[in-house]
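Here is a short briefing to read with the model open beside you. Take it topic by topic and follow along on screen.

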Amino acid sequence: MQPIQILMTAPLLPIVVAQLESAFTLHKLWEQPDPDAFLKAVGARIRGVATSTYHGRIDDAFLARLPALEIIASFGVGYDNVDVAAAAAREVVVTNTPGVLDEEVADLTVALLLSTLRQIPQAERFLRDGKWREGAFPLSPTLRGRRVGIVGLGNIGKAVARRLQGFDVAIAYHGRTRQDVPFDYHPTVTGLADASDVLVVIVPGGAETRHLIDREVLAALGSDGVLINVARGSVVDEAALIEALQSDMILSAGLDVYADEPRVPQALLDLPNLVLLPHIGSGSVQTRNAMGQLLSDNLVQWFRDGKPVTSVPETAHLIAG
Ligand code: NDP
């Protein structure tokens, strides 16, 4: 039998590379001197793609070059990096890595919220810069008494809510559907912003949620409001956010994700009252390894018994019984 040929689009963790190399013939697209010529020569034999939400987009034009493709295994729970509709139309299964990162991302979200309110990174810089000897660090805003609105009460949103319950703050949420949870539901994101002092955004990216957080939502959040975005940069209208921060329409923001990563607008870098992280929500050694393991398992189990571990809902119908 011919070995199964897998294409990796950009470097993944060493554990993933090692596992895929032991089970399949692995081609590394980024190592090809001429990727276009490589795809012309080998594209028709590729049956699986290993990619990542942190890599470039897998669109229909790319899929057209891989006519034997059966599965795209993507690293990350968000999969807005893959044109899933195009994949489904070509009967290509798409998998992601849900479940293994929820608690890690929730930890980071709460850390970012506290860092933003209590200005922890700014205080540390103050100490390191020797300024403590000249006087005390200025007093910060607080989490105490704040109402927290969660935009997207999914797996990660619920893990954030569980943590925040221990912080003794009021919690409410917005999503397209009301859930059986002990938190107030708001059918509109503007309504939630109006009733909140902190908005934590943790919805999927993509066309449906593009600029869900716009000028109107930020205005509703108000001058004491804090925005925490750990979802995707596309969910927030970044220009509107910059304007809202510059004009004191809102108090501050903590961001892990940006519209055009890894480029962060200078206007954000220039604002002192923000905490800016380089998309590290799931970025611990243990959690990233667990995500890598799940990506490998998805490919191995697909080619072994036709059932990946975690297909995305849009392609679940392609998996037999
Ligand atoms: P889930 O699918 O479990 O939850 C998503 C939630 O978003 C659901 O509650 C859903 O509720 C809501 N939602 C979906 N679409 C909309 C919409 N159009 N308007 C309002 N609400 C919507 O996903 P996870 O919790 O696992 O992950 C969420 C996202 O977090 C990922 O897709 C990814 O983009 C991001 N993420 C970021 C990370 C980072 O490193 N910063 C790490 C991991 C994930 P309903 O269906 O009722 O609308």
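Over residues 11-312 the chain is 38% helix and 15% strand, with the end C-alpha atoms 22 Å apart. Helices (H or I, at least four residues) and strands (E, at least two) are DSSP runs, numbered from the N terminus. Please keep in mind that this is a predicted model: local features need pLDDT of at least 70 and side-chain atom pairs count only at pLDDT 80 or more, while totals for chains, interfaces and linings use all residues. Residues are numbered from 1 along each chain as its sequence is written.

**Record annotations and domains**

- UniProt lists residues 11-312 as "domain: D-isomer specific 2-hydroxyacid dehydrogenase catalytic", in an unreviewed entry.
- Residues 110-281 carry the UniProt feature "domain: D-isomer specific 2-hydroxyacid dehydrogenase NAD-binding", also from an unreviewed entry; UniProt positions are given in the numbering used here, feature names are shortened, and annotations may be inferred rather than shown by experiment.
- The span 110-281 is 33% helix and 16% strand, and its end C-alpha atoms lie 11 Å apart.
- The chain is divided into domain 1 (5-96 + 286-318) and domain 2 (102-276), with bounds that come from an automatic or database domain assignment.
- Taken over C-alpha atoms, the centres of domain 1 and domain 2 are separated by 32 Å.

**Strand β1 and its partners**

- Strand β1 (residues 5-8) pairs with strand β2 (residues 25-28) in the parallel sense over four bridges; two strands pair if DSSP finds at least two bridges between them.
- M8, found in strand β1, is buried because 23 other C-beta atoms lie within 10 Å. The cut-offs are 20 or more other C-beta atoms within 10 Å for buried, 12 or fewer for exposed, and partly exposed in between, with C-beta atoms placed from the backbone.
- M8 and L26 are 18 residues apart along the chain, and their C-alpha atoms are separated by 7.1 Å.

**The seven-stranded sheet**

- An open sheet of seven strands runs in the order β8-β7-β6-β9-β10-β11-β12, with parallel pairing.
- Its edge strands are β8 (184-185) and β12 (274-276), each of which pairs on one side only.
- Strand β7 (residues 170-174) runs parallel to β8, joined by two bridges, and Y173 stands opposite Y185 in β8.

**Around the ligand**

- Of the 28 residues around the ligand, G78, G154, G175, R176 and G281 come nearest; a residue is near if its C-beta atom, placed from the backbone, lies within 6 Å.
- Helix α7 (residues 155-165) gives the largest share of this shell, three residues.
- The shell divides into twelve nonpolar, twelve polar and four charged residues. Ala, Val, Leu, Ile, Met, Phe, Trp, Tyr, Cys and Pro count as nonpolar, Asp, Glu, Lys and Arg as charged, and the others, Gly among them, as polar.
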